[in-house]
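Colleague: I would like to go through this model with you, charge pairs and domain contacts both. Can you take my questions one at a time?

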Amino acid sequence: MTTVHERPTEHVDNDQHPVGHGRMLRKEDPRFIRGRGRYTDDVQLPGMLHLAILRSPLAHARIVSIDTSAAEAHPRVKAVITGAALAGQGLAWMPTLSNDVQAVLATDKVRFQGQEVACVIAEDRYAARDALELIDVEYEMLPPVIDARHALDPDAPVIRDDLDGKTDNHCFDWEAGDAAATEAVFSTADVVVSEDVVYPRVHPAPMETCGCVADFDPVEGRLTLWSTTQAPHAHRTLYAIVAGLPEHKIRVISPDIGGGFGNKVPIYPGYVCAIVGSIVTGKPVKWMEDRSENLISTGFARDYIMRGEIAATRDGKILAVRTNVLADHGAFNGTAAPVKFPAGFFGVFTGSYDLQAAYCKMTAVYTNKAPGGVAYACSFRITEAVYLVERLVSRLADELGQDPAQLRLDNFIRPDQFPYSTPTGWVYDSGDYRATLREAMRIAGYDELRAEQARRRERGELMGIGVSTFTEAVGAGPRKHMDILGLGMADGCDLRVHPTGKAVVRLSVQSQGQGHETTFAQIVGEELGIPPDDIDVVHGDTDNTPFGLGTYGSRSTPVSGAAAALVARKVRDKARIIASAMLEVAPDDLEWTKGSFQVAGDPGKAVTIQEIAMRAHGAGDLPDGIEGSLDAQITYNPPNLTYPNGAYICVVDVDPGTAQVKVRRFVAVDDCGTRINPMIIEGQVHGGLTDGLGMALMEIIAFDSDGNCLGGSLMDYLIPTALETPDWETGYTVTPSPHHPIGAKGVGESATVGSPPAIVNAVIDALTPFGVTALDMPLTPSRVWEAMQGHATPPI
Amino acid sequence: MTRISVSVDGTEAVDEVEPRTLLVQYLREQRGRTGTPVGCDTSNCGACTVLVDGRAVKSCALLAVQADGAEVTTIQGLANGELHPLQKAFHEHHALQCGYCTPGMIMAAVDLLDEVADPSEQQVREGLEGNLCRCTGYQNIVTAVRDAAAELRGATS
């Protein structure tokens with residue numbers, strides 16, 4: 001190992017020196033800027049072996065035979081494992097997060113290109129890859145199901161013949177809202193606008209791929225697993241169920257993670273293979289997938305084919321929204337969503353508008369593609385919901401000849417209507433949507449932009465202005481309704497104040513770059529008056545952190561952030577009693593000023609939280625019923641989700657000669673209630689907007705008719721570079737969540753949710769002279785060019 | 001196996017490597033320089049960028065034997081007691097989140113500022129086009145690089 005000669009010890013620069021909320025530079029940075037982070041592939045253990053996975057070249061085929069003899073004869077190979085071997089231990093299949101099953105290693109047949117067929121464990125990663133080439137698999141090709149629109153055709157081949165009695169590719173049906181009431185509104189409305197809206201399959205593609213190091217100790221029967229997981233506690237419980245190991249003998253450690261974006265929520269076959277490999281060989285086994293494997297086999301995002309309808313009066317009152325959705329779930333239903341929500345939170349497709357009725361009917365199907373669906377900052381399908389309604393509202397504005405911003409201002413849910421119950425059963429907590437959109441219009445100079453557009457249009461230039469306003473639903477969730485495979489979606493928090501007044505807070509959530517080590521110290525600092533620099537934040541190790549469901553769905557601040565504030569208040573309550581003894585007054589006679597208790601009316605008589613901490617651990621009597629130490633722990637069950645919102649305005653120029661789209665300006669105003677660290681929020685927004693830019697303009701995972709994945713490497717799966725990405729303009733309004741202990745809402749996924757419709761609306765607006773009213777992502781030059789010629793085809 | 005002699009972050013060593021061993025794996029696994037990560041398999045992402053004889057290269061696209069006799073600098077060799085101005089600027093401008101692209105991004109920026117002392121925003125964006133980031137949306141990276149450029153110019157003038 002390298003000698004550590006540069007320890008990150010310098011004081012965290014904290015330009016406003018907040019004792020709590022405010023701009024504060026990150027505590028994580030000192031190690032990352034020196035290359036001293038510790039990611040999964042950095043873990044090296046004595047005797048560690050390397051695992052590589054053989055993947056199917058075909059989308060749909062029966063496995064006739066697998067010959068592993070040549071691979072086993074390789075001098076550096078320790079083991080070769082096939083599905084048949086796993087089947088002997090009952091491990092060939094594993095449960096998914098949606099109560100389906102997924103093949104760990106294929107036994108009967110392969111169901112998507114890139115599926116796991118066998119694995120090799122060797123002395124190093126080069127030898128493991130060499131040995132993959134020595135495995136001989138004989139396949140009998142089957143016709144694949146690629147286009148979801150034909151998955152339920154009577155003659156479609158059955159993908160999931162492993163399921164008892166399964167004779168079609170139907171995955172599930174789901175509905176929300178009131179079909180009859182919605183039909184009644186539509187049948188009498190002045191204006192009805194319909195549009196086919198495709199949200200193509202994309203991939204979160206975190207910079208670090210998925211991987212793990214499994215270390216099974218046969219003497220103690222104990223498994224330690226370092227892995228790229230956003231939900232270490234949930235994974236531990238699922239491994240206990242899958243592998244039959246007792247839960248207290250499993251330790252999952254999620255070290256630094258190089259981005260997750262929802263890709264690292266599910267359990268992948270590679271993790272299970274590495275665990276089995278370690279048990280079989282008695283050595284630690286590392287598995288790190290490469291980028292192509294990540295793109296073709298791990299959790300994709302979106303893939304919703306939607307038919308949307310919106311009903312309104314002639315003068316612009318929006319009355320109802322209705323949609324029919326065909327959801328492509330791939331070969332196994334691996335959707336990471338609360339069990340009672342197979343379509344996630346798509347039910348919020350009514351958006352920010354006060355509607356009379358709404359209805360959604362959804363059919364999900366199996367196809368010969370990788371599993372997934374919920375990922376890439378989707379907040380459980382809200383990306384799709386917001387894209388649908390924001391396309392429909394802009395389309396309606398065009399139809400009515402109204403300005404799209406004004407139409408939104410006229411139809412928003414008003415501040416006095418909160419808490420607001422939507423026609424599909426969601427209860428929004430708070431919002432001032434007009435204020436948020438007006439702030440975006442002010443920053444953008446909206447009226448002047450429209451005037452500029454008119455001038456340019458006269459000159460034949462293609463300038464477009466797109467508006468998107470959205471309501472998110474984040475912070476899953478109330479355990480009465482929300483669980484992942486039976487685990488309620490609450491989160492724990494432990495807080496210990498040391499004798500000298502420094503503290504450690506332990507979280508059940510797991511950062512992947514969102515800055516939890518900084519912001520959770522700020523939350524506790526705000527409540528206790530201990531400087532955030534003096535508070536260490538521990539996360540990701542199931543032996544050392546309280547149970548909880550992990551980080552996704554922008555749930556850390558709503559759930560775990562609430563737990564952190566409340567656990568600090570619990571400590572403060574105890575501190576008050578100890579302080580009352582120290583100052584010899586009744587607890588009620590004490591006033592809290594950040595960091596100390598003082599006697600009411602006598603500011604000279606005070607004790608600091610640090611002095612109280614020493615007393616709590618030190619000599620001398622404590623008040624009756626008070627035990628020593630200054631610790632507390634809590635599990636927080638949220639009463640509702642939080643509903644942040646935003647208003648985005650995008651300005652694009654389309655080159656009339658090449659059809660290249662350039663985003664010239666993008667204004668994003670977000671309202672996530674109380675802002676814990678504005679610098680970190682802004683960085684989250686920049687990143688999310690760039691995701692949205694990528695999805696809107698260049699990213700797609702497509703397939704040819706044989707089921708070959710097109711876009712299975714960074715040569716074809718295009719991610720925005722610094723060159724395509726514009727300077728983002730951000731703003732904010734503050735409408736606190738009334739039910740959250742510090743009024744904070746989640747925000748991490750808002751920009752990814754809200755930005756694609758703003759960009760698409762802008763491009764369609766730019767193409768008005770060509771009569772284009774609808775266009776599907778990604779808006780590549782060729783697709784935009786086709787639209788200008790009047791014949792754009794759906795992307796999938 | 002082939003014998004190579006490489007200076008990594010100022011430390012000379014003679015090592016046996018397979019001719020096919022990529023420089024990035026040599027640095028990570030034989031020299032313990034895990035600060036340089038791998039982000040793709042098609043030379044697109046630039047996470048593995050290091051300096052070889054002062055020039056930024058993607059170490060996943062170079063064989064270790066090709067670095068024989070070279071001086072390699074990774075992110076772990078950049079701080080010379082004190083942080084490099086780029087490291088400081090990345091921290092101060094919140095130019096990193098998950099930190100995975102950060103080592104390669106900083107090393108590519110070192111080379112960029114070596115070539116262009118006072119880059120425009122556009123020049124920074126072009127200069128870092130070979131480095132992908134999924135978290136930051138680049139804006140704070142551009143600000144950090146230009147801020148570090150100003151500090152470096154101040155230090156040398």
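Colleague: How far apart are the centres of domain 2 of chain A and domain 3 of chain A?

Modeller: This is a predicted model, where local features need pLDDT of at least 70, side-chain atom pairs count only at pLDDT 80 or more, and totals for chains, interfaces and linings use all residues. Residues are numbered from 1 along each chain as written, chains are lettered from A and ligands numbered from 1 in the order written, and side-chain values use heavy atoms, without hydrogens and water. The domain assignment (bounds from an automatic or database assignment) gives domain 2 of chain A as 300-476 + 640-789 and domain 3 as 491-636. Taken over C-alpha atoms, their centres are separated by 39 Å.

Colleague: How much area do domain 2 of chain A and domain 3 of chain A bury between them?

Modeller: Interface size is often given as the accessible area lost when the parts come together. In contact (heavy atoms within 4.5 Å) are 20 residues from domain 2 of chain A and 21 residues from domain 3 of chain A. Carbon and sulfur atoms carry 62% of the buried area (accessible area, 1.4 Å probe, that two parts lose on being put together, summed over both). The total for the two domains is about 1,400 Å².

Colleague: How many salt bridges does the rule find across the interface of domain 1 of chain B and domain 2 of chain B?

Modeller: Domain 1 of chain B covers 2-73 and domain 2 covers 85-155. Their C-alpha centres lie 22 Å apart, and they bury about 1,000 Å². Eight residue pairs are in polar contact there. The salt bridge count is three.

Colleague: Which residue forms a salt bridge with Asp114(B)?

Modeller: Side chains of opposite charge can pair when their charged atoms come close. Here the closest N and O atoms are 3.1 Å apart, and the partner of Asp114(B) is Arg55(B).

Colleague: Are Asp29(A) and Arg26(A) buried or exposed?

Modeller: They form a salt bridge, with the closest N and O atoms 2.9 Å apart. Buried means under 20% relative accessible area, exposed over 50%, partly exposed in between (1.4 Å probe, protein chains only). Both Asp29(A) and Arg26(A) are buried.

Colleague: Why does Lys166(A) count as partly exposed?

Modeller: Lys166(A) pairs with Asp168(A) in a salt bridge at 3.2 Å, closest N to O. Asp168(A) is partly exposed at 33%. Lys166(A) counts as partly exposed because its relative accessibility is 22%.

Colleague: How many residues apart in sequence are the parts that Arg31(B) and Asp15(B) tie together?

Modeller: The two side chains meet in a salt bridge, 3.8 Å from N to O. Helices (H or I, at least four residues) and strands (E, at least two) are DSSP runs, numbered from the N terminus. Arg31(B) lies in the loop between helix H1 (23-30) and strand E3 (49-52) of chain B, and Asp15(B) lies in strand E2 (residues 11-17). So the pair ties together parts whose separation in sequence is 16 residues.

Methods
Salt bridge = Lys/Arg side-chain N within 4 Å of Asp/Glu carboxyl O. Polar contact = N/O pair within 3.5 Å; in protein donor to acceptor, adjacent residues only side chain to side chain.
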